[in-house]
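Colleague: I would like to go through the terms used for this model and hear what stands behind each of them. Please take the questions in turn.

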Amino acid sequence: MSNPVEFVELWRGGILESVHQGHAVVVDEGGEIVHSWGDPHAVTYPRSSAKMLQALPLVESGVADRFGLTTEQLALSCASHSGAAIHTDRVQSWLKDLELDDDAFNCGPQWPSDLPARNGLIKGDATPCRYHNNCSGKHCGFLTMTKANGWGPGYVAIDHPLQVGIKQVVEELTQETSPRWGIDGCSAPNHASSILGIGRAMATFASADDSSTRGAAMVRLRNAMMAHPELVANEDRACTHLMRAAKGKAAVKTGAEGFFIAILPELKLGVALKVMDGTTRASECAMAAILCKLGVLDANDPAVKAYRNPDLKNFAGLVTGDMRPSIALA
């Protein structure tokens, strides 16, 4: 077992002020490690970085086609959105198509992280609904599967047929038996895996083609994410900016507590990383740095620099320091 390595440094006035450590791996289509930092066998929860795995049965089973789901809806099924109107309008429309309402969701209400949407609720003296939850797109996919198969409404239970099928997908694609599961922020089970296992799963998505039903489903999901990055995240989020900067070369997805993945179809590589202190800014910096090392992103692109090596400013707008990848990732 290897210790985590230094990923991200914060400098102020010529002094190293803070360091974020983590583990990361780049995996090829054969499941072999191409690059690794720290311990690729460290076991953790991928959190929302696993949403394309949770959405795979929806497409692979043919249910997505039976219900005529669009690429926008497939992107939302993989999303951790910000609760902006571009997300909640589409989620509510999807619910209406299913002849369901907000109470059908098993996820809880959540204040939007999108400021216009959040401020709109506050000004209207309103409270958030379940469709504002950042995982409501994924849950629309869950509800679609549940309706298509006539399953019961408690679809986040670990023994519900939906979750049994998702666990099987996770274990098949990670090539591991998950040692345990935890409850995610949206109440659905999240299956623990090694960072290498998640990297393998993403490499499988990256190398997939239309020669099999599962491969075609993976292609559709990764392409939907790249086609609609603003639905996967929001206009002001790292996932959106990095996918646009990659120009079709990467589908990326953040997860809570410092997890981050990338699917790289042209290189047929998968990337998975975990920042041990759970800091989002560090996971974004580390992912941007790794994708620059792999030639997928240009370090000089302002959209990339905003995450890989941003200036740090105080409330007066003065530059006080900078954040940068460590020597290991630079």
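Colleague: Which element gives the largest share of the lining of the second largest cavity, and how many residues is that?

Modeller: This is a predicted model, so every value here is computed from it. The largest share of that lining comes from β6, with three residues. The lining consists of Pro 46, Ala 50, Leu 53, Gln 54, Val 170, Pro 189, Asn 190, His 191 and Ile 198.

Colleague: What makes a residue part of the lining of the largest cavity, and which residues are they?

Modeller: A lining residue has an atom within 4 Å of a point of the cavity. For the largest cavity, Gln 54, Ala 55, Leu 58, Ser 77, Lys 138, Gly 141, Phe 142, Met 145 and Leu 162 meet that condition. Helix α6 (136-149) supplies the largest share, four residues. Both α1 (51-60) and α6 supply at least two.

Colleague: How do the classes of residue divide in the two cavity linings?

Modeller: The lining of the largest cavity has five nonpolar, three polar and one charged. For the second largest cavity the division is six nonpolar, three polar and no charged.

Colleague: What is the volume of the largest pocket, and what lines it?

Modeller: The largest pocket holds about 530 Å³ of space. It is lined by 27 residues, of which Ser 80, His 81, Gln 110, Asn 134 and Arg 237 are the closest to its centre. By class, the lining has five nonpolar, 14 polar and eight charged residues. Strand β8 gives the largest share, three residues. At least two residues each come from α11 (238-246), β8 (251-255) and α12.

Colleague: Why is α12 said to be largely enclosed by the rest of the structure?

Modeller: Of its 14 residues, 11 are buried, so α12 is largely enclosed. Among the buried ones are Ser 283, Glu 284, Met 287 and Ile 290.

Colleague: How do you know that Ser 283 is buried?

Modeller: Buried means under 20% relative accessible area. Ser 283 has 0% relative accessibility, so it counts as buried. Ser 283 lies in helix α12. Beyond its neighbours within four places in sequence, Ser 283 is in contact with Gly 258, Phe 259, Phe 260, Leu 273 and Val 275.

Colleague: How does the span of α12 compare with the expected one?

Modeller: From first C-alpha to last, α12 reaches 20 Å, close to the 20 Å expected at 1.5 Å a residue. The helix is followed by Gly 295, whose phi is positive, near 80°.

Colleague: What makes the largest nonpolar core one set of residues, and how many does it have?

Modeller: Its members are buried residues of the listed nonpolar kinds, joined through side-chain atoms within 4.5 Å. This core has 102 residues, and those with the most contacts inside it include Phe 7, Phe 105, Val 252 and Ile 290. Helix α12 (residues 280-293) gives the largest share of this core, nine residues.

Colleague: Which residues is Phe 105 in contact with, leaving aside its neighbours within four places in sequence?

Modeller: Phe 105 is in contact with Val 91, Leu 95, Arg 130, Tyr 131, Ser 136, His 139, Cys 140, Leu 143 and Tyr 155.

Note on methods: Residues numbered from 1 in each chain as written. Predicted model: local features only at pLDDT ≥ 70, side-chain atom pairs only at ≥ 80, totals over all residues. Heavy atoms only, no water. Buried < 20%, exposed > 50% of the residue type's maximum accessible area, 1.4 Å probe, protein only. Contact = heavy atoms within 4.5 Å. 1 Å grid on protein atoms, 1.4 Å probe; cavity = no way out; pocket = protein on both sides within 12 Å on 5 of 7 lines; lining within 4 Å. Points joined across faces, edges and corners; volume = space filled by probe spheres on them. Nonpolar A, V, L, I, M, F, W, Y, C, P; charged D, E, K, R; others polar. Expected span 1.5 Å × (residues − 1).
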